[in-house]
Amino acid sequence: MNALVGLMVQVMLPLSLLVAAGGWWAARMGEGRDADVLRAQLNRLVLYVFYPAILFAVAASTPISLDLLTVPFLVGVGTLANGALLYMLLWKTRLGKNLHDTTRAAIMLGGMFGNTFNVGAPVLEFFFGNGAMRYAIFNDMFMTMPFVWTLGVWIATRLGSHAEGERPDVLRTVLMMPPIWAFVLGLGAQYTGLAYPPLVQAARFIGQAAIPVIIFVLGMTIPWRRLVPRTEILVASGVKLLVAPLLVWALVLLVSDTPNEAQRASLVECATPTFMTSLLLAERFKIDAAASALLIGWSTLLFWLSLPLLMGLGLFG
């Protein structure tokens, strides 16, 4: 009970306040170009400044180990399992019978990939202490980004919009992302012995703004006035929040009676709500952005219930 109270007060309360502040700010601005411009500018600030800074700091100070790499591997297994299940539910059952392919693809993407850094990192640090953010960052670099810009783009363009000409040059897109270069530079600095501690600390200080800013943007993104509980959205939220962590937990228990910290960290990452990039992908590749935003909203709200449930089942220690 004490751990649950601590989780609510130390993690869920500040996240809730930031989401609420973002929602209030969006309502105050009203729907229109000004709100869209603000969201875009804040997203750009995180992508080009705050997120690369924390990536550099962690990569420059965290040796790569087999334990660390088990996190993206296990989260990848959970991601693929969610994708397979959602494909069956949305294309092969009555659940998706009356849905357009653009809606099915948007829901499938949102049900596969979680908000593993912005939501996952604070939860990881609550359970496993300072430095546990490294699990979220290495998962982003070795699982989320490669999967999103290969499998995710394929789902959006082939299963969703069916637009042959819309597929980007994946390698060029990835290589133009500042977070990739910040991570590579951090690893290079570490393994060449050129990591300058004051610079690493400065980058870590700057990067601390990434999570508060993006959680505020999350609050702006949720369509509060149109948060209708559609069946397919609630089912996809349940798959995202429960299926992957329970499946990966079962797999971990098959190979280990006492899961280690990295294995438990992968369960936290699997349990996170839908990532915000799903909305950006939906808008870019002309699939159902409204369904994507709705799934982000419902999975985020239901995460406040699913995380304590999974904690009570003993998944996190």
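Helix H1 makes the largest contribution to the lining of the second largest pocket, with five residues. A pocket here is an open set of points on a 1 Å grid over the protein atoms alone, with protein on both sides within 12 Å along at least five of seven lines; lining residues have an atom within 4 Å of a point. Helices are DSSP runs of H or I with at least four residues, strands are runs of E with at least two, and both are numbered from the N terminus.

This is a predicted model, where local features need pLDDT of at least 70 and side-chain atom pairs count only at pLDDT 80 or more, while totals for chains, interfaces and linings use all residues. Residues are numbered from 1 along each chain as its sequence is written, and side-chain values use heavy atoms, with hydrogens and water left out.

Back to the second largest pocket. Its space comes to about 470 Å³; a volume is the space filled by probe spheres set on the grid points, which are joined across faces, edges and corners. There are 22 lining residues, and Ala-121, Pro-122, Glu-125, Met-133 and Ile-211 lie nearest the centre of the pocket. At least two lining residues come from each of H1 (2–29), H2 (33–61), H5 (120–128), H6, H9 (197–207) and H10 (210–221). By type, the lining has 13 nonpolar, six polar and three charged residues. Nonpolar covers Ala, Val, Leu, Ile, Met, Phe, Trp, Tyr, Cys and Pro; charged covers Asp, Glu, Lys and Arg; the others, Gly among them, count as polar.

The largest cavity holds about 60 Å³ of space. It is lined by 14 residues, with Val-75, Thr-79, Met-112, Gly-114 and Lys-240 closest to its centre. Helices H3 (66–92), H6 (133–161), H11 (231–255) and H12 (261–270) each give at least two residues to this lining, and H3 gives the most, four. The lining of the largest cavity splits into six nonpolar, six polar and two charged residues.

As for the chain overall, it has 14 helices and zero strands. Its C-alpha trace spans about 55 × 45 × 40 Å along the principal axes. The radius of gyration, taken over C-alpha atoms, is judged by a globule rule of 2.2 Å times the number of residues to the power 0.38. For 317 residues, a compact globule would be near 20 Å, and the chain, at 19 Å, agrees with that. Of the 317 residues, 53% count as buried. Buried means under 20% relative accessible area, exposed means over 50%, and partly exposed is in between, with a 1.4 Å probe and protein chains only.

Next, the aromatic rings. The whole structure has twelve aromatic pairs. Rings of Phe, Tyr and Trp (its six-membered ring) pair if their centres lie within 6.5 Å; planes under 30 degrees apart are stacked, over 60 edge-to-face, and the rest tilted. Tyr-87 and Trp-91 form a stacked pair, at 5.1 Å centre to centre with 25° between the planes. These two are about one helical turn apart, because they are four residues apart in helix H3. Tyr-87 is partly exposed, at 28% relative accessibility.

Phe-142 and Phe-183 form an edge-to-face pair, at 5.9 Å centre to centre and 80° between the planes. This pair links distant parts of the chain, with Phe-142 in H6 and Phe-183 in H8 (residues 178–191), 41 residues apart. Buried or partly exposed: which applies to Phe-183? At 5% relative accessibility, Phe-183 counts as buried, whereas Phe-142 is partly exposed at 40%. There is also an aromatic cluster formed by Phe-126, Phe-127, Phe-128 and Phe-316.

Arg-28 lies over the face of Trp-25, 5.1 Å from the ring centre. Arg-134 lies over the face of Tyr-135, at 4.4 Å.

Finally, Leu-309 is in helix H14 (residues 289–312) and is partly exposed at 46% relative accessibility. Leu-309 and Leu-242 are 67 residues apart in sequence and 9.5 Å apart in space, C-alpha to C-alpha.

Conventions. 1 Å grid on protein atoms, 1.4 Å probe; cavity = no way out; pocket = protein on both sides within 12 Å on 5 of 7 lines; lining within 4 Å. Lys NZ or Arg CZ within 6 Å of the ring centre and 35° of its normal.
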